[in-house]
Amino acid sequence: MGNSDLRKLPGNRVKQKATRVSLTNTNKANGTIGAIARPFESDAAQWLAIGWMRTLPETTETLTQKDDTHE
Amino acid sequence: MSNFIGHTVYGVAALPSANTATAMESLTFVQIKGELTLPQLAVSHSTIDVPNLNGFTTVEKGAATGVATTATFKNIAADAGQIDITDQAAEKGGVWTFKLVDGSGTDGAPVSGDPVIYCQGIVHSFLPNQGDNATIEGFTVSFNPNAAPIAATEPA
């Protein structure tokens, strides 16, 4: 019986690692605006309820590199 | 016998969503370098007298309050943690969460399983050391816990 077969047996499931989410503070009462917290996804609701919000994904800007070479 | 040598101080100008280890460890702590005296993180309780005509007044345990304490540091130029805590001591509100670490990693850095203590409250009353010919440059900040300290271990 291979490892993949063992995992299929009842009680032998591979435990999923709890994921964390990135939250940003928007309420001064919680501390500095913009502070970052990384709670577990399962705990996110209680953070969101008191003024934290999900951190927006960083925007990727394509910066045009200035060409310093002289012609 | 153990002592406090090598303990490190971390802090963040934010409060956790709950006074639990799980919520505390979600915050993004920054090390405050140059620690000389650690804050005493504790609560004290008031007492309520219960008179009795039998001639013996008993005492019940009353409400808890955070024990006012201080932390002292020597100046470390441009240290992010020191900047954070001194800014927050001057800031209105002054919310603050401490994390004290008995770290076993490099320079006292916490590694998984190390004992840590968290405590949330307010930081205030920044006081620079008085200058003389026998004192290093540094400062004191005051801290009042607003919840019971949480003893935990550094998560994996």
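Guide: Gladly. A residue is called buried if 20 or more other C-beta atoms lie within 10 Å of its own. By that criterion, buried residues make up 14% of the 71 residues in chain A, and 32% of the 156 residues in chain B. Please keep in mind that this is a predicted model.

Visitor: Why is Ala78(B) called exposed?

Guide: The cut-off for exposed is 12 or fewer C-beta neighbours. Ala78(B) has 6 of them inside 10 Å, so it counts as exposed. The residue sits in the loop between S6 and H2 of chain B, and its phi is positive, about 60 degrees, although it is not a glycine.

Visitor: And what makes Ser125(B) partly exposed?

Guide: Partly exposed covers the range between the exposed limit of 12 and the buried limit of 20. Ser125(B) has 15 other C-beta atoms within 10 Å, so it is partly exposed. Ser125(B) belongs to strand S8 of chain B.

Visitor: What is the secondary structure of chain A, and what is that of chain B?

Guide: Chain A has two helices and three strands, following the pattern α-β-β-α-β along the sequence. Chain B has two helices and ten strands, and its pattern reads β-α-β-β-β-β-β-α-β-β-β-β. The C-alpha trace of chain B spans about 65 × 45 × 40 Å along its principal axes.

Visitor: How do you know that S1 and S3 of chain A pair?

Guide: Pairing requires at least two bridges between the strands. Strand S1 (residues 23-25) and S3 of chain A are joined over three bridges, in the antiparallel sense.

Visitor: What makes S2 and S3 of chain A edge strands?

Guide: The three strands form an open sheet in the order S2-S1-S3 (chain A), with antiparallel pairing. Strand S2 (36-37) and strand S3 (52-54) of chain A each pair on one side only, and these are the edge strands.

Visitor: Which residues touch the most other members of the largest nonpolar core?

Guide: Ala14(B) and Phe98(B) do, in a core of 33 residues. Among the elements that each supply at least two residues are helix H2 (44-48) of chain A and, from chain B, strand S1 (8-12), helix H2 (80-90) and strand S8 (115-128). S7(B) gives the most, with five residues. In soluble globular proteins, nonpolar side chains tend to be buried together.

Visitor: Which residues are in contact with Phe98(B), leaving aside its neighbours within four places in sequence?

Guide: Contact means C-beta atoms within 7 Å. With those sequence neighbours left aside, Phe98(B) is in contact with Val9(B), Gly11(B), Pro39(B), Leu41(B), Tyr118(B), Cys119(B) and Phe143(B).

Visitor: How many residues does each chain bring to the contact between A and B?

Guide: Chain B brings 13 residues and chain A brings 14. On the side of chain B that touches chain A, eight residues are nonpolar, five are polar and none is charged.

Visitor: What share of the contacts within each chain joins residues 24 or more positions apart?

Guide: Taking contacts with a separation of 6 or more, such pairs account for 65% in chain B and 33% in chain A.

Technical notes
Residues numbered from 1 in each chain as written. Chains lettered and ligands numbered in written order. Predicted model: local features only at pLDDT ≥ 70, side-chain atom pairs only at ≥ 80, totals over all residues. Contact = placed C-beta atoms within 7 Å. Nonpolar A, V, L, I, M, F, W, Y, C, P; charged D, E, K, R; others polar. Helix = DSSP H or I, 4+ residues; strand = E, 2+ residues; numbered from the N terminus. Core = buried A, V, L, I, M, F, W, Y, C linked by C-beta atoms within 7 Å.
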